Amino acid sequence: MVAINLATPITPDTKMLVVGPSILLLNDSDVRAIGADGSDKWRLPLTQGVASIATAMAADTAGNIWIAGSSANARIVTPSATPTVAPINPDNVVVDPKVPTRADLTIATVWKVSNTGALISTLTLDNSTPLLINSIALNAKGFTLGGTNATVAGNSGVLISSDLEGKFEKPIYLGTSDTSIEAVVRGTDSSIYAIGNSTENLAGKKLAGYRDGIIAKYSSAGKLTALVRSSASKAKRQWMAATNSLFLTGSVQTGQKFESALTKFATNLSPTWTFRFA
């Protein structure tokens, strides 16, 4: 057994990725690599004078790491320290930390980092409205970011695609008031699969439960070609993660019953098998 001594603690929001013999840990705007022997191989702060938050990462075949997040135009201003008082919590309730939604984080940002921890390039697209990136999918033709975009009515899902040199396409938005894209997959035919959840009627498909899990398929030209959603009434369903082979994981809540759901989908978005467990 190898003990790992981390200067930066692992939290529920820490992202982890295994690349070759290294484990990569992403916290906010700081990425570090841990070797197989537990040693700290390298560390790279991604913020370079601008407020940024990094929230997703993937690796290419060369071992480079592509880290996605959002940034602000404004320079960082460090506020003066103010005393804080711990809130009264007689029941010792533990609340999961949430990534803050900030009105100034409007720029979709991708950092390309070598497997030795050197920053190769930074690619950006100004989305004009605040966004939170939840996922990045990468292949030899480019990358796609999936996340949540702030709207006047609430939030929509957002997809942002680019080639590997940073030539961005126009963002694609799904929904207007309560839709989120949690995972994204790039198909071998250049199609894009957006996976998440929504309480809205989308593409003529009405809300079935309190919240539905959704999968939207887009052509290489950015046209919505198919959309499926969960059909359970009085249920809250969310897809949270997906593999390149469209193996999805998520959660199901019906009344007081909570379950995890595992489902394999075909490329035409029909389920081939599913499994649930409490």
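Colleague: Where is the place of Ser156?
Modeller: Ser156 sits in strand β11. Bear in mind that this is a predicted model.

Colleague: Buried or exposed? I mean Ser156.
Modeller: Buried. The relative accessible area of Ser156 is 1%, and the cut-off for buried is under 20%.

Colleague: What is Ser156 in contact with, leaving aside neighbours within four places in sequence?
Modeller: Its contacts beyond four places include Gly147, Thr148, Asn149 and Thr151. Tyr173, Leu174, Gly175, Thr176 and Thr179 are also in contact with Ser156.

Colleague: How many residues apart in sequence are Ser156 and Leu174?
Modeller: They are 18 residues apart in sequence. In space, their C-alpha atoms are 5.6 Å apart.

Colleague: Let's zoom out. How many helices and strands are there in the protein?
Modeller: The count is 0 helices and 20 strands.

Colleague: And what share of the residues is buried?
Modeller: Buried residues account for 42% of the 278 residues in the protein.

Colleague: Take contacts between residues at least 6 apart in sequence. What percentage join residues at least 24 apart?
Modeller: That figure is 45%.

Colleague: Now the sheets. What is the order of the open sheet with β13 in it?
Modeller: It runs β13-β14-β15-β16, 4 strands with antiparallel pairing.

Colleague: Which strands stand at the edges there, and why do they count as edges?
Modeller: β13 (179-186) and β16 (224-229). Each has a single partner strand, so one side of each has no neighbour in the sheet. From one strand to the next, the twist averages 20°.

Colleague: How many bridges does β13 make with β14?
Modeller: The two pair over 7 bridges, in the antiparallel sense. Strand β14 covers residues 192-198.

Colleague: What about the open sheet with β1?
Modeller: That sheet has 4 strands in the order β1-β2-β3-β4, and the pairing is antiparallel. Its edge strands are β1 (15-19) and β4 (40-45), each pairing on one side only. The twist averages 15° from one strand to the next.

Colleague: How many bridges join β1 to β2?
Modeller: There are 5, and the two strands run antiparallel. Strand β2 spans residues 22-27. Met16 stands opposite Leu25 of β2.

Colleague: Change of topic. Which residues touch the most other members in the largest nonpolar core?
Modeller: Ala68, Val110, Ile136, Phe143, Leu145 and Ile160, out of 16 residues in that core. Elements giving two or more residues to this core include β5, β6 (65-75) and β7 (107-113). β9 gives the most, with 3 residues.

Colleague: What does the second, separate core include?
Modeller: It has 15 residues, among them Leu17, Val19, Ala33 and Val113.

Colleague: Back to Ala68. What is it in contact with, leaving aside neighbours within four places in sequence?
Modeller: The list includes Ala54, Thr55, Ala56, Trp111 and Ile133.

Colleague: Thr55 came up. Where does it lie?
Modeller: Thr55 lies in strand β5, residues 50-59. Thr55 counts as buried because its relative accessibility is 9%, with the cut-off at under 20%.

Colleague: What does the side chain of Thr55 reach?
Modeller: The backbone oxygen of Ile133, at 2.4 Å. Beyond four places in sequence, Thr55 is also in contact with residues including Lys15, Leu26, Gly69 and Asn134.

Methods. Residues are numbered from 1 along each chain as its sequence is written. This is a predicted model: local features need pLDDT of at least 70, side-chain atom pairs count only at pLDDT 80 or more; totals for chains, interfaces and linings use all residues. Side-chain values use heavy atoms; hydrogens and water are left out. Buried means under 20% relative accessible area, exposed over 50%, partly exposed in between (1.4 Å probe, protein chains only). A polar contact is a pair of N or O atoms within 3.5 Å; within protein, one must be able to donate a hydrogen and the other to accept it, and residues adjacent in sequence count only if both atoms are side-chain atoms. Contact means heavy atoms within 4.5 Å. Two strands pair if DSSP finds at least two bridges between them. Axes are lines fitted to C-alpha atoms, for helices over the stretch in contact, and angles run from 0 to 180 degrees between N-to-C directions. A nonpolar core is a set of buried Ala, Val, Leu, Ile, Met, Phe, Trp, Tyr and Cys residues joined through side-chain atoms within 4.5 Å.
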